[in-house]
Protein chains: 2
Amino acid sequence: MVKKAQSSARREESLSRESIVEASIALLDAKGESGLTFRALADRLNTGPGAIYWHVANKADLLTAACDAMIARAMNAAQEGATPREIIRNVALGMFDTIDEHPWVGSALNRAPGQLPMVRILERLGQQVSSLGVAKDAQWQATSALLSYILGVSGQNAANAQIGREQNYDRETFLQTVAASWLQLDASEYPFARSVAAQLSVHDDRADFLAGIDLILRGIEAQQAD
Amino acid sequence: MVKKAQSSARREESLSRESIVEASIALLDAKGESGLTFRALADRLNTGPGAIYWHVANKADLLTAACDAMIARAMNAAQEGATPREIIRNVALGMFDTIDEHPWVGSALNRAPGQLPMVRILERLGQQVSSLGVAKDAQWQATSALLSYILGVSGQNAANAQIGREQNYDRETFLQTVAASWLQLDASEYPFARSVAAQLSVHDDRADFLAGIDLILRGIEAQQAD
DNA sequence: ACCTGAACACCGTTCAAGT
DNA sequence: ACCTGAACACCGTTCAAGT
């Protein structure tokens, strides 16, 4: 736990985009979204904040690069599956698990529309939607529906984790707090919210997520049957 | 266009949570997400930044309150529809249009999981999913699938608008930039992204959004037929 | 070509002091 | 009870100066 014992020591290796991205990921994993600052990063890399700008355009660029490294790994790991349908489910679950472990990926992803991280996911999904036999002119809509759904869940999981970190809540405590607040809503105005409040803290996020994917896949199949 | 002509003038009305939220919405609409600061808000309200904290817990609270006001309006406007299916589509379109006009609502919404703004949407959707005849134990999954999809699209639209504002791009220019970057991807690795790049700048976001809702609704119906 | 680190122009939030 | 505004502890980013 020695702090900066060698603060003025020279780095052994020179800075590079990769080493900066790697250090950013470590920082984000350890301290969450707010943990990534140019000063903290410079400390960890034994350099000054200005040096980082030689290799990286700005913070958004850095965050997207860190996110992309994570997505690339997740997409490579989620290759297998016997049918297009199974591969789509595996890609989706790969995303879910990545964001479960690294919540910051969820918000970084949502803040970089059209960028490489998102295109990686779009590509995997699109190829399988195509293999599913969806008509050429319906492939975009089917694929972007899947992608939007995945991004939606990712964003929420990221936000949940963020709040949990800020308030030192675990998942359980957070959901119980939410459930309690739903139960205090007006009974005639919010019957549905109140009726599902109870299952909120016991439900399985991952299973629910997959159920949503299945719903969209069924919709795609039903459309093909027309 | 007189600026601060009366900067030291007393406010005519005293501060209130409502007036603060109202001023926040005006600021967010005019200057985007980054336009909402306690200093800018204090200026507009002829007060100091500290005064705002008497009525509002912190910035997250303020943003959620502003978001909630917008969602409440949208949900009240999207009441009509002959069938549950039509009401669901109208609720979804109401959200789409709200975020199209006020992009900051999309990101505020995504950052406040379990909070009132989201519950308002969940409730509307849930009531209609229930009316659709979905079995009791499948209602939560169907409703949250719809909600997650809506949140996903909302988040992307918000991010698109945010980038557009930062770079002074209009929608068209932004999408053309994205399409151009997709066309530069490796042809064997990214066949799908390249094949859809062309339609990217001419596609109709709103129609695509609705197509996704329809896909999920079909999935729900298919599940009921089991 | 790459790095340094002080400086700039901001933030959200707090809090003693006022009314 | 409510407001004031200076002060605190941060940010991302820039840039003259170094090597």
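**The contact between chain B and chain A**

Reply: In this predicted model, the contact takes 53 residues from chain B and 53 residues from chain A. Every one of the interface residues of chain B, 100%, is also an interface residue in chain A, so the copies meet through the same surface.

The geometry comes next. Chain B is superposed on chain A by a rotation of 180° with a shift of 0.0 Å along the axis, and the RMSD is 0.0 Å. The two copies are thus related as by a two-fold rotation axis. Within chain B, the residue that comes closest to this axis is Gly152(B), whose C-alpha lies 1.7 Å from it.

The size of an interface is often given as the accessible area lost when the parts come together. Here chain B and chain A bury about 4400 Å² between them, and 66% of that area is on carbon and sulfur atoms. On the side of chain B, the residues that lose the most area to chain A are Trp140(B), Phe192(B) and Leu215(B), which together account for 18% of what that side buries.

Polar contacts do occur across the interface: the rule finds 16 residue pairs, with both residues at pLDDT 80 or more. The elements of chain B that give two or more residues to the side touching chain A are helix H7 (116-131), helix H8 (139-167), helix H9 (171-183), helix H10 (191-200) and helix H11 (205-224). Of these, H8(B) gives the most, with 16 residues. By residue class, the side of chain B that touches chain A divides into 29 nonpolar, 17 polar and 7 charged residues.

Now the charged pairs. One of the salt bridges joins Arg111(A) to Glu33(A), with the closest N and O atoms 2.9 Å apart. This pair links distant parts of the chain, 78 residues apart: Arg111(A) is in the loop between helix H6 (104-110) and helix H7 (116-131) of chain A, and Glu33(A) is in the loop between helix H1 (17-31) and helix H2 (38-44) of chain A. Arg111(A) is partly exposed, with a relative accessible area of 48%, and Glu33(A) is also partly exposed, at 23%.

Another salt bridge is formed by the side chains of Arg206(A) and Asp97(A), at 2.9 Å from N to O. Arg206(A) belongs to helix H11 (residues 205-225) of chain A and Asp97(A) to helix H5 (residues 84-101) of chain A, a separation of 109 residues. Arg206(A) counts as partly exposed at 36% relative accessibility, and Asp97(A) is partly exposed at 26%.

In chain B, the side chains of Asp61(B) and Arg17(B) meet in a salt bridge with an N to O distance of 2.7 Å. Asp61(B) lies in helix H4 (residues 59-77) of chain B and Arg17(B) in helix H1 (residues 17-31) of chain B, so the pair ties together parts 44 residues apart in sequence. The relative accessible area is 22% for Asp61(B), which is partly exposed, and 32% for Arg17(B), which is partly exposed. Finally, salt bridges that share partners join Arg85(A), Arg89(A), Asp214(A) and Glu221(A) into one network.

Conventions:
Residues are numbered from 1 along each chain as its sequence is written. Chains are lettered from A and ligands numbered from 1 in the order in which they are written. This is a predicted model: local features need pLDDT of at least 70, side-chain atom pairs count only at pLDDT 80 or more; totals for chains, interfaces and linings use all residues. Side-chain values use heavy atoms; hydrogens and water are left out. Copies are superposed by least squares on the C-alpha atoms of residues with pLDDT of at least 70 in both. Contact means heavy atoms within 4.5 Å. Buried area is the accessible area (1.4 Å probe) that two parts lose on being put together, summed over both. A polar contact is a pair of N or O atoms within 3.5 Å; within protein, one must be able to donate a hydrogen and the other to accept it, and residues adjacent in sequence count only if both atoms are side-chain atoms. Helices (H or I, at least four residues) and strands (E, at least two) are DSSP runs, numbered from the N terminus. Ala, Val, Leu, Ile, Met, Phe, Trp, Tyr, Cys and Pro count as nonpolar, Asp, Glu, Lys and Arg as charged, and the others, Gly among them, as polar. A salt bridge is a side-chain nitrogen of Lys or Arg within 4 Å of a carboxyl oxygen of Asp or Glu. Buried means under 20% relative accessible area, exposed over 50%, partly exposed in between (1.4 Å probe, protein chains only).
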